[in-house]
Amino acid sequence: MAYSIPAPINAPQRILLGPGPSDTHPRVLAALAKPTIGHLDPYFLQVMNELQSMLREVFQTTNELTLAVSGTGSSGMEACVVNLIEPGDRMLVCINGVFGGRMSDVATRAGAQVTTLERGFGEIFSPEEIAEALQRVQPKVVGIVHAETSTGAWQPLEEIAKVVHASDALLLVDCVTSLAGAPVEVDRWGLDAVYSGTQKCLSCPPGLAPVTFSPRAVEVIERRQSKIASWYLDMSMVRSYWGDSRAYHHTAPINENYGLHEALRLVLEEGLEHRFARHMHNHRALKAGLQAMGIEYSVAEGQQLPMLNSVWVPEGVDDSGVRSQLLREYGIEIGGGLGPMKGRTWRIGLMGEASTARNVLLFLAALERCLLDQGMSLDSGVGVAAANAVYRNGE
Ligand SMILES: *Cc1c(COP(=O)(O)O)cnc(C)c1O
């Protein structure tokens, strides 16, 4: 029988209000479609230089070793861990969700002697408990997640960075979901190795992982006794390609880098402060709407992420039924719970381009319809009205 060639890609239009990827700006999609050129083409080298300088702005750092790793956010995690860890090194990993758990797995595979500090899903760590663990473990590196996308918890870092440095350890931070949606002040806070991803608040398709290493971290990499366990993610080689010598290491994903270039231009055109305020404002409106509908957050007040709203699925409501109705009837994607939260929470992302009043109001109206179909009793329009009250008061 003759082979029948599949139809061309015809992806549907969606509104991505899940844990990522988020909606992409048409300018980013247009940049991705520009001609592929050589990875040593002078034009591409200029793109790389501009990418690095824009990444430094967004990370709020002057770190020289700042670049986009070829791979998704997890490759950024792996790059930070394998470059700092040598077999047998002690690492303290803070786990309060799926991504802290993943970091511990990555560190173990890199040969670290891992000690975990654990908190329930949705909770955060205090500087005091980290200080206590530092005393006990004396680690070389402490790993922590700034924005736990699996739980919606927002981990403050500034005080923790102080206690980590007081004990001479390095602080490795997951900023995959926070970068470009909430402040990540690498230099002022004193973060040593930070990674992110393109498809959360940067609103670029998945495929690259921005990373930055402090001079202290670079020194640790340069003083290593053993080879970095990963050839692909070896920053001592990758940085020669991004630096002056332009030594071939691997072929940069050319068009992905174009997309990130445009996404960063959009971030900087808006301005970091405005962008953070927009995320916060839409979060407040969404939250007012959800609470008016009787839906509660699964994270304590004051620790809730603006770009990832984790809420309890109301009693008697079918988690996946609502999510599939939202997708089928309104083209809206939201996320379900992960790990112990599976079936119990919804994760509503308002990331980057998707953080708009239009999406908040549409989502609340669509959710009301789904909940009514589930037999929940709701006063008509309460969610939208409460969100509108926030918008009209300009809070
Ligand atoms: C999404 C995410 C990751 C993993 O990124 P991928 O792009 O899926 O590899 C890591 N950490 C956090 C906090 C995330 O939200």
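In helix H4, the residues Phe 99, Gly 100, Met 103, Ser 104, Val 106 and Ala 107 are buried (under 20% relative accessible area, with a 1.4 Å probe and protein chains only). Seen down the axis of H4, these buried residues fall within an arc of 160°, so they line one face of the helix; the arc is that of the directions from the helix axis to the C-beta atoms. An α-helix has 3.6 residues a turn, so residues three or four places apart point the same way.

This is a predicted model, in which local features need pLDDT of at least 70 and side-chain atom pairs count only at pLDDT 80 or more, while totals for chains, interfaces and linings use all residues. Residues are numbered from 1 along each chain as its sequence is written, and side-chain values use heavy atoms, leaving out hydrogens and water.

H4 covers residues 98-109, and its 12 residues should span 16 Å at 1.5 Å a residue (1.5 Å times one less than the number of residues). The end C-alpha atoms are 17 Å apart, which agrees. After H4 comes Gly 111, with a positive phi near 95°.

Helix H3 (73-84) and H4 each supply at least two residues of the shell around the ligand (residues with a heavy atom within 4 Å of it). Among the shell residues are Phe 99, Arg 102 and Asp 174.

Taken alone, the ligand exposes 380 Å², and the protein buries 89% of that (Shrake-Rupley method, 1.4 Å probe).

Methods: Helices (H or I, at least four residues) and strands (E, at least two) are DSSP runs, numbered from the N terminus. Buried means under 20% relative accessible area, exposed over 50%, partly exposed in between (1.4 Å probe, protein chains only).
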